[in-house]
Structures are given as structure tokens and as C-alpha cells.
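Colleague: Please take me through this model, beginning with a loop and then moving to the strands.

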Amino acid sequence: MKKDFYLTRYSLIIKRLERSPATYPELESYLLNSFEFQDAKIVSYSMRTLQRDIKDIANLFNFDIHNKKKGDNRYYIESRPVMEVDEYNQRLIESFQIMNAVNSQPDFAEFVYLENRTPRGIQNFYDLLFAIRNKRIIEFQHFKYKDQSITSRKVHPMALKESKDRWYLIALDTKDEKLKAFGLDRISDLSVSKAGFKLQQRFNLKEHFKNAFGIMNLEEQPENIIIRSTKEQAEYLKSSPLHHSQQIQKETDKSVYFAYDLYPTYDFIQEILSFGNQVKVMEPKSLISKVKETLEKSIQQYDDSSVEEEKS
């Protein structure tokens, strides 16, 4: 059996057992009849491989799979991880499924098109993970887009967070003892110190990020936000919510009203603006004002006088 096929096997086993318990022959039949196994031209799946896969699934995804029920030889998922870990596992499975599918069939590149993007800063990912897990002080140079400046930072690293295909380091800046987000693509000359640190105060980052959209000011409080969407756009929002707090407040013949509990960051405003006239902010008034101000500034850029000034 192909060595690089193991994650595909794991995801298929989990997918089958999530549906219902299954015996080894039922699992074997399901796997061998899957498109993934057929594309990979795999024609056998032994009991020994299944036992090894079950152990690996437990270690990698924290899924406990057993078949020890009295008088029952079916395999079943005994326990699942907590929601946050389960969501992480699902994304991991999906990512590796795509990777295995594309890598196993070179001609997939002819009809599978990925976003063209160049990840930056990932070269520091494992060093940062090491520093976070071992509570090591780190120092680096950080480039700021706003004023094109470079500053030296000394921080206590706490977490890594993804937002819109970018990764950020969440850390306590020793200069002012404030939590800040640093884009990995703007970090250079990273140095992991042998010196450790102890946090003087406890931060519940999961609680902070619960109401986050993108990278937020961690000291702000969430707000109740209401947006009105056209029926057509609402279908997209229903299938892919903007935030986990999204709820349908009400529906009319022409519109759907969605409610959110989050802090309206710059990222969130940009997301709302990307929907054009398909979405309108209804509450709160402070957010309506920010959106209107942003739109007015955008319109000013296309004003005739502004164009003339640019030419001169």
C-alpha cells in the first residue's frame, strides 16, 4: 500500500464510522470501492493495516475507535474531541485529502486550480511553535506597512492565528505589556532565547478569539451586529457563515437579516464592503457610520477634481 496514502485512509475510515458502526468486511468494502482507492489502484486492505490505522487515528486526531462491545464485532467511534479540536482535525483532514489527491495524480493540475499565492513568513513557523510551547522569549525585527518602519521587538509568544491566508503571532510585547498581533510575513531576524518567561496575568485567548473576525484588537468588547442581505447573497452566507456567531434573525420576501456577536474590525468592514449592494449594515449606528465614511472616501477617489490633481 502506498506510504503517502495514509491520511486518505484515515479520513475515509472516520467518514464511514461517523455514518454508523461497521465490521471489518464492511470497512474494507467501503474503502476498496471508494474513488480514492480506485484512483490509487489499491485492491487490498488488511485487518493488520486497519488495526495500525486505528492506533494512528487515535494519536493524530484524538478519535477513539473500538470494537469491544459484547457480542458485537463492529467498529465505532467511542469518543470525539472537544469542538475546537474537532474543527481543527476536520480542516487538517480536508487539507491532506486535497494534497493527496493532487499529488497522487499529476494530471490533476490540468483541471484542479488552486489560488495563486506566495505564503511568506512560514519559514519561522516551527521556531515560533517551539518558543510558544516552551515559553521562550523571542526577539525579531518587525516591518510596519502603515509607515514603512522597522522596529525591534522583544515578546512573550502565546499563539499563532490564521486570517485570510496569512499567519500572525499573538504575543505580549514586553515594552508596554500589551497583547499584539505580528504578521509572520513581516517578521525577520527571529531569535529564540534560551531564557524563559512566566505570564504575570492569565489570558484566555480562545475567549478573545471567540468574537474575533480576522485579527482584532484584543482589548475591545464585542457588539451585536445586524446586516440585511438579498435572498441570493443570503444563500452564500448560509452555506459559508462569516462568523461562527452568525444567526438568522428574520426573513422576508426579499431579504434575510443576519445577526453577529463580534467586534467590527477593519477586516470585517472590508468583508462587508466586498458584497457591494447585496448587503447592508443595519446595526449598530457606529458601524453604519464607519461603512458610510469608507464608501464616501472611495467615491472621492473617483471625483473629477481628484483625478485632475493626480494628473498634475
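**Loop, strands and salt bridges**

Colleague: Where is proline 222 found?

Modeller: Proline 222 is in the loop between α7 (205–210) and β8 (223–230); helices (H or I, at least four residues) and strands (E, at least two) are DSSP runs, numbered from the N terminus. The model is predicted, so local features need pLDDT of at least 70 and side-chain atom pairs count only at pLDDT 80 or more, while totals for chains, interfaces and linings use all residues. Residues are numbered from 1 along each chain as its sequence is written, and side-chain values use heavy atoms, with hydrogens and water left out.

Colleague: Which residues does proline 222 touch?

Modeller: Leaving aside residues up to four places away in sequence, proline 222 touches Asn211, Asp261, Leu262 and Tyr263, where contact means heavy atoms within 4.5 Å. Leucine 262 is 40 residues from proline 222 in sequence, yet their C-alpha atoms are 4.4 Å apart.

Colleague: Why does proline 222 count as partly exposed?

Modeller: Because its relative accessibility is 33%; buried means under 20% relative accessible area, exposed over 50%, and partly exposed in between (1.4 Å probe, protein chains only).

Colleague: Now strand β5: how many of its residues are buried?

Modeller: Six of the eight residues in β5 (residues 166–173) are buried. Strand β4 (residues 149–163) pairs with β5 in the antiparallel sense over eight bridges, pairing being assigned if DSSP finds at least two bridges between two strands. Histidine 156 has leucine 172 of β5 as its bridge partner.

Colleague: What about the pairing of β5 and β6?

Modeller: That pairing is also antiparallel, over six bridges, with β6 spanning residues 178–183. Alanine 171 stands opposite lysine 180 in β6. Four residues separate the two strands of this hairpin, and glutamate 177 in the turn has a positive phi of about 60 degrees.

Colleague: Next topic: how many salt bridges are there in the whole structure?

Modeller: The search finds 10, each being a side-chain nitrogen of Lys or Arg within 4 Å of a carboxyl oxygen of Asp or Glu. One of them joins arginine 153 and aspartate 173 at 3.0 Å, N to O. Arginine 153 lies in β4 and aspartate 173 in β5, so the pair ties together parts 20 residues apart in sequence.

Colleague: Is aspartate 173 buried or exposed?

Modeller: Aspartate 173 counts as buried because its relative accessibility is 3%.

Colleague: Which residues are linked with arginine 153 in a network of salt bridges?

Modeller: The network links Arg153 with Asp173, Asp176 and Lys180.
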